[in-house]
Amino acid sequence: MRIRNHPIIEFRERKKIPFFFNKKKVFGEEGDTIASALHAVGVKKLSTSLRYNSPRGFFCGIGKCSSCLMRVDGVPNVRTCIAPLREGVYVEMQDKLADLPDAVFVGDPKKKIETDLLVVGAGPAGMCAAIEGAKHGVRVLVVDENQFVGGQLIKQTHKFFGSKQEKAGTRGIVIAKELEEELRELEKKGGVRVMTDSTVIGYYEGDKKHRFGVVERRRDYSSVLYEVDCDSVIIACGAMENMLLFPGNDLPGVYGAGAVQTLMNVYGVKPGKRVLMVGAGNVGLIVSYQLLQAGVEVDRVVEAAPVIGGYHVHAAKLCRCGVPIQTSRSIKEVYGKEWVEGAVVVDLDEEWQPIPGSEEKVVCDTVCLAVGLTPAIRLLSQIGVETEFIPEAGGYVALHDDSMQTTVKGVYVAGDSSGIEEASTAMIEGKIAGLSAAMLLGHKRRENQKLLEQYHKELDKLRGGPFGEKPRAAKNKISVLMGKRR
Ligand SMILES: Cc1cc2nc3c(=O)[nH]c(=O)nc-3n(C[C@H](O)[C@H](O)[C@H](O)COP(=O)(O)OP(=O)(O)OC[C@H]3O[C@@H](n4cnc5c(N)ncnc54)[C@H](O)[C@@H]3O)c2cc1C
Ligand code: FES
């Protein structure tokens, strides 16, 4: 299942890491997560459904859905898709409700951190926000629950469109490296502190400042709790992949497109041998092409809408490789005993209803869902920020003004958490939020105002054209609703 030959990424054999799965010794590679190491040795079933007694695998691959929870070295409910693999760990399936940990950890007293600006999430939005804030003299703490910074960029091997300022023509993985270098340079100078493997778990009443709980995961899978007090916060938690309802949608082998991209392009592991892709938006088209690059067969792409939603340049590449893209077609069910053995697709009528008799069997071991994203706003809701359902933004989003400030003073939002778009716009929104937070904290110089105007112009330019229609509509609605709150 390991990818060794890839046209863009060099996947050299890394140091072997022995560990135990259900008492059996297996080997992963240095840099793996527990789930990627298991997948590489052919283990797709990670748990059993408590209710239906059916096998379960992982779905999102980025720590957002809880379908990969396992017991690791006696610690229950570990999200194995983001937990780094350590030598000799004991991984077990958790086929019952999680019980208390076997392991006894020496309790650390709660630690405290005080900072001017907390940035939650180190994807393109969070990294740009942190860089901008630190450049303008603000003390910044960036927290990300992944072991790497970069968010979704670390798996995007394709070159970006958009403007020169937002690195058009550069691959996502390269942009992630460049932003990390800039961030680490500022960290060396003391303006920024970066905490990875750490999750912001909640918002608490502070005296005068905003107070957050942060859990840092240690090498032995135990955790340290921090109390973080800050004057301002930027929430850049990204988005969650959408699921579709159909029989068999919880079988191991039904994955979100982002999970498949992570497995292949970050950990060098193939998701399976033959894939059915559901959804012909940009994500579905791009990930299909990346599957081919990794040496995985793509049977076809089915799309419920009558037209292809993504850029035609991506669709054309797939067609040239002989992958059919079938519109007005969707998935009806997935079958298999322990994991996916095949799927049934069906034609849809003008009302998007299945047409009886048009069913067709597709032999595949992987079904990949690329059917949209939902903004991650749980933390924002808990803070008490006002939210609204805006379909064009992908679901409920936090209301915010032009400076990305929400209805709670000092609480900003940026990137996919503020409405689903793409990495280029996430980067500028991050810059706007970072600079605006710095200005609120007293760094109000005339040139900062000018810089802010320039960022807004860049954002408008990126949202121009037919593909910007949806985000433009979303942001207009948000702006009107925000105006009414004032
Ligand atoms: C499969 C897929 C393919 C895509 N392809 C493209 C493409 O081709 N071109 C393009 O422009 N865009 C693409 N996108 C969209 C693009 O990746 C996103 O728009 C962009 O990454 C959004 O940036 P962000 O910083 O808002 O969020 P993300 O990049 O998702 O970063 C959010 C970060 O927040 C962290 N986080 C979340 N919650 C917490 C918490 N509570 N505590 C600590 N950390 C937390 C996460 O670990 C993550 O690192 C794709 C997205 C997906 C899912
Ligand atoms: S949380 Fe691990 S697969 Fe979703």
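Ile-201 is partly exposed, with a relative accessible area of 45%. In this predicted model, Ile-201 belongs to strand S11, which spans residues 198-204.

## The largest nonpolar core

The largest nonpolar core contains 120 residues. Within this core, the residues that touch the most other members are Leu-38, Leu-118, Val-140, Ile-234 and Leu-291. Helix H8, covering residues 423-440, gives the most to this core, contributing 10 residues.

The surroundings of Leu-38 can be described in detail. When residues up to four places away in sequence are not counted, Leu-38 touches Phe-19 and Phe-21, Val-43 and Leu-46, and also Met-70 and Val-91.

## A separate core

Another core, of 18 residues, lies apart from the largest one. Among its members are Cys-60, Val-340, Val-362 and Cys-364.

## A buried threonine in a loop

Thr-80 is located in the loop that runs between strand S6 (75-79) and strand S7 (90-92). Thr-80 counts as buried because its relative accessible area is 0%, and the limit for a buried residue is under 20%.

Leaving out residues up to four places away in sequence, Thr-80 touches Thr-33, Ile-34, Ala-35, Leu-46, Cys-68, Met-70 and Val-72. Leu-46 and Met-70 are also among the residues touched by Leu-38.

Notes:
Residues are numbered from 1 along each chain as its sequence is written. Chains are lettered from A and ligands numbered from 1 in the order in which they are written. This is a predicted model: local features need pLDDT of at least 70, side-chain atom pairs count only at pLDDT 80 or more; totals for chains, interfaces and linings use all residues. Side-chain values use heavy atoms; hydrogens and water are left out. A nonpolar core is a set of buried Ala, Val, Leu, Ile, Met, Phe, Trp, Tyr and Cys residues joined through side-chain atoms within 4.5 Å. Buried means under 20% relative accessible area, exposed over 50%, partly exposed in between (1.4 Å probe, protein chains only). Helices (H or I, at least four residues) and strands (E, at least two) are DSSP runs, numbered from the N terminus. Contact means heavy atoms within 4.5 Å.
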